[in-house]
Amino acid sequence: MAFAEWIADSRVMRSPAPHTAIIGSGIIGAALAYTLARRGARVTVVDENIPANRATRGSFAWINAHQPDDAHYFALRLESMGLWRGLMQEIEGLPVRIGGALNWETPDRIEAVAKALNEGGNTARLVSKARIRAMEPALSDPPEIAIDAPLEGVADPDRIADAFLNAAAAFGAESRLGVGVEGIATANGQVIGLDTSAGRISAERVVVAAGSGTSGILAALDIALPMKAPLGLLVRTAPAPRLSQRIFTRDDLHVWQMDDGRLILGEDFGGSPVTSPQARAETETRTLDHARAAFAGVSLTFEHSTVTARPVPQDGYPAVGRVPGCDGLLVATMHSGVTLAPVMAQHLSAMILDDAEIRGLARYGIERFSKSDPS
Ligand SMILES: Cc1cc2nc3c(=O)[nH]c(=O)nc-3n(C[C@H](O)[C@H](O)[C@H](O)COP(=O)(O)OP(=O)(O)OC[C@H]3O[C@@H](n4cnc5c(N)ncnc54)[C@H](O)[C@@H]3O)c2cc1C
């Protein structure tokens, strides 16, 4: 169901709707604030810094579904991709581009991957070298074969959270920026608000969408959320002439060009070797060299790089939903948050405003980290 239809179709929310305080104005908190405010709910977003100053701003921000081995997770990503398209209709100027992706990361099993993507519902086709040349003349040495996934896209990591917050503000949401959350206030097992550097903010629901800061905030309530934080290095070039609207991913380079002409380049989705200034400089040089070779006809100049921790719950999957044992407390932290923000915002807002049970999210509940190991 399209996003606007879903909002129109949603059950009339409980009256009065609970005031929701969201910790974190990254893409997850900002998209949720918009979705709640759009439905008429009272929302306050609190962030210790400028919007999305952590993972979102340092993200490659590719909106994709490329994990066909896990059908459930794949379907969730696909659902979110559909919701992104709805949001683009709904919010004027949302900095999102669905320009497709060309992928040749796994040449030895590329046919099987393309088949699995298609079977899972992410329209994809195999394209030959000749076809790629015609599609992407700026690529100097196209691969023999690649997967063309036209439904994939990107969000501008610098602007997307602001865009959601502005759209939320038009529906009355409040943003408290530069306000650090020091603790979650509870009484009788129920959330009553946030204790912040600017004093108490009362709320009936609190959503912890603080990215890599989430586990520390929950730990103060004795709630465990083990997380990994692999560092990702991305290079930005100075603005270059328009090369493509697509994303390109191969095993040693992923790249797309922003609207202002800058390229965002990365080398590895797993984690970048940036343990010393020298290692960081070498990764920057290698990544830029790969891009220069990929687009040989274009002069690419290094502008700066970012090294950012990916907020990844220990098992790699999102941690989303109600926090058992503390009424009114919810969590929303994950990797691939750019891809998943719309679907998570939709489900969380249904939990908050409709008291809905979202069966599709049950496997991502935070309680999975506190279950004792039977072995
Ligand atoms: C290098 C890299 C590449 C990535 N590539 C992709 C990709 O291609 N596709 C994709 O879908 N995802 C990608 N991701 C993951 C994606 O960027 C994240 O999942 C997403 O940005 C998380 O958003 P968030 O809102 O949860 O967190 P964040 O953007 O980190 O926002 C959290 C906010 O919480 C605030 N905060 C924290 N603690 C407190 C506190 N105590 N008080 C007040 N405020 C607080 C912070 O200031 C911050 O603004 C990538 C991430 C990285 C780092």
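Visitor: Which domains supply the shell around the ligand with at least three residues each?

Guide: This is a predicted model, in which local features need pLDDT of at least 70 and side-chain atom pairs count only at pLDDT 80 or more, while totals for chains, interfaces and linings use all residues. Residues are numbered from 1 along each chain as its sequence is written. At least three residues of the shell come from each of domain 1 (3-57 + 158-228 + 313-369) and domain 2 (100-153 + 229-310), the bounds being taken from an automatic or database domain assignment.

Visitor: What makes a residue count as being around the ligand, and which residues come nearest?

Guide: A residue counts as near if its C-beta atom, placed from the backbone, lies within 6 Å of the molecule. There are 40 residues around the ligand, of which Gly 26, Gly 211, Gly 213, Gly 232 and Gly 337 come nearest. Two or more residues of the shell are given by each of helix H2 (27-38), strand E2 (43-47), strand E15 (231-237) and helix H9 (337-354), where helices (H or I, at least four residues) and strands (E, at least two) are DSSP runs, numbered from the N terminus.

Visitor: Why is strand E7 called mostly covered?

Guide: A residue is buried if 20 or more other C-beta atoms lie within 10 Å of its own, exposed if 12 or fewer, and partly exposed in between, with C-beta atoms placed from the backbone. In strand E7 (residues 145-149), four of the five residues are buried, and the strand is therefore mostly covered.

Visitor: What makes E9 and E21 the edge strands of the six-stranded sheet?

Guide: The open sheet has the order E9-E2-E1-E13-E22-E21, with mixed pairing. Strand E9 (174-177) and strand E21 (319-322) each pair on one side only. Within this sheet, four bridges join strand E1 (residues 20-23) to strand E13 (residues 205-208), which run parallel, and the bridge partner of Ala 21 is Val 206.

Definitions and conventions: Pairing = 2+ DSSP bridges.
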